[in-house]
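Keep the viewer open as you read.

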Amino acid sequence: MTELEEYYNKFNEEKRFDSRHGQVEYRVSMKYIHKYLDEAAAGCAEPDTARAQIRILDIGAGTGRYSVALAKEGYDVTAVELVRYNLGILKKKASSVKAMQGNALNLRKLASDSFDVTLLFGPMYHLFGFEDKKQALHEAKRVTKPGGVILVAYCMNEYSVITYGFKERHVLECMQQKRFTQDFQTISTPHELYDYMRLEQIDALNAAEGLERIQIISPDGPANYIRSYLNQLSEEEFEAFVRYQMAVCERADLIGAGAHTTDILRKVK
């Protein structure tokens, strides 16, 4: 068993999404998933059965937060998950999801040009180095139909530096261990499990794979930084915060400042 599998055998993915900061990320992400599913539906020859005709792939599906919800809405959903423990939970939730164990770097079980919308939400957090990330993006592109949409999530560098470095007071230790560059880019290894990105690195991956950006968003914004404050809000106040994040998630001056960024890409050929 890899370190990553051991980690996810203990990490409560369900609890994260049930938390308020997790709800913000999920609800904003679903808004944009539905936006591009609606676009795909508009191109279907038979509008009455459009959802059943649209094929979604969820790579690194975890316990199925997105894939199960989308399958319940009537979409044709395939989920690929590396961690067997997570896969077991997913399969118990919804038999309608075509769930399989697999690795984002090699989707050999899946045919090219097969899916209208592809989600790559988990793998980029845990892949290290340009080439592995590029390979995951290449495989997502390969299995997506020409003209289809790929949504890719990344963990962002500044969140890591501010939270782990300064809030949790590891900054001097990280500098001593040379885990930051001179301009505070995080240097991660597989032992740390997570890798962190800046926008210019994401741009370089897209250029290498010839993918066209439609838009880029910050699905959670400041939610992870202010978890304790979110938990103190009334339901009405929390709903106002969700509306706030939906209103500002596309703002260029905020992209990259949150814990996560979702890049929305088009396969042009």
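R169 is found in the loop between α9 (157-167) and α10 (171-176); helices here are DSSP runs of H or I with at least four residues, strands are E runs of at least two, and both are numbered from the N terminus. Before going further, some ground rules: residues are numbered from 1 along each chain as its sequence is written, and side-chain values use heavy atoms, with hydrogens and water left out. This is a predicted model, where local features need pLDDT of at least 70 and side-chain atom pairs count only at pLDDT 80 or more, while totals for chains, interfaces and linings use all residues.

Back to R169: its phi is positive, about 60°, although it is not a glycine. R169 is also exposed at 75% relative accessibility, where exposed means over 50% relative accessible area, buried under 20% and partly exposed in between (1.4 Å probe, protein chains only). K178 has a positive phi too, near 60°, and is likewise not a glycine. K178 sits in the loop between α10 and α11 (199-209) and is exposed, with a relative accessible area of 65%.

Now for the inside. A nonpolar core is a set of buried Ala, Val, Leu, Ile, Met, Phe, Trp, Tyr and Cys residues joined through side-chain atoms within 4.5 Å. The largest such core has 48 residues, and those touching the most other members are I33, L37, Y66, L70, V97, L119 and L151. Elements that give two or more residues to this core include α3 (20-42), α5 (65-72), β4 (115-120) and α13 (235-248). Which element gives the most to this core? That's α3, with eight residues. Take V97 as an example: leaving aside residues up to four places away in sequence, V97 touches S67, V68, A71, V77, A79 and L90, contact being heavy atoms within 4.5 Å. There's also a second, separate core of 23 residues, with L57, V152, I202 and L205 among them.

Next, the rings. Rings of Phe, Tyr and Trp (its six-membered ring) pair if their centres lie within 6.5 Å, and planes under 30 degrees apart count as stacked, over 60 as edge-to-face and the rest as tilted. By this rule there are six aromatic pairs; here are two of them.

| Pair | Centre to centre | Plane angle | Type |
|---|---|---|---|
| Y66 and F121 | 5.0 Å | 75° | edge-to-face |
| F180 and F184 | 5.6 Å | 50° | tilted |

Y66 lies in helix α5 and F121 in the loop between β4 and α7 (123-126), so their pair ties together parts that are 55 residues apart in sequence. Y66 is buried at 6% relative accessible area, and F121 is buried at 9%. F180 counts as buried at 10%, whereas F184 is partly exposed at 29%. Ring pairs also link Y26, Y66 and F121 into a cluster.
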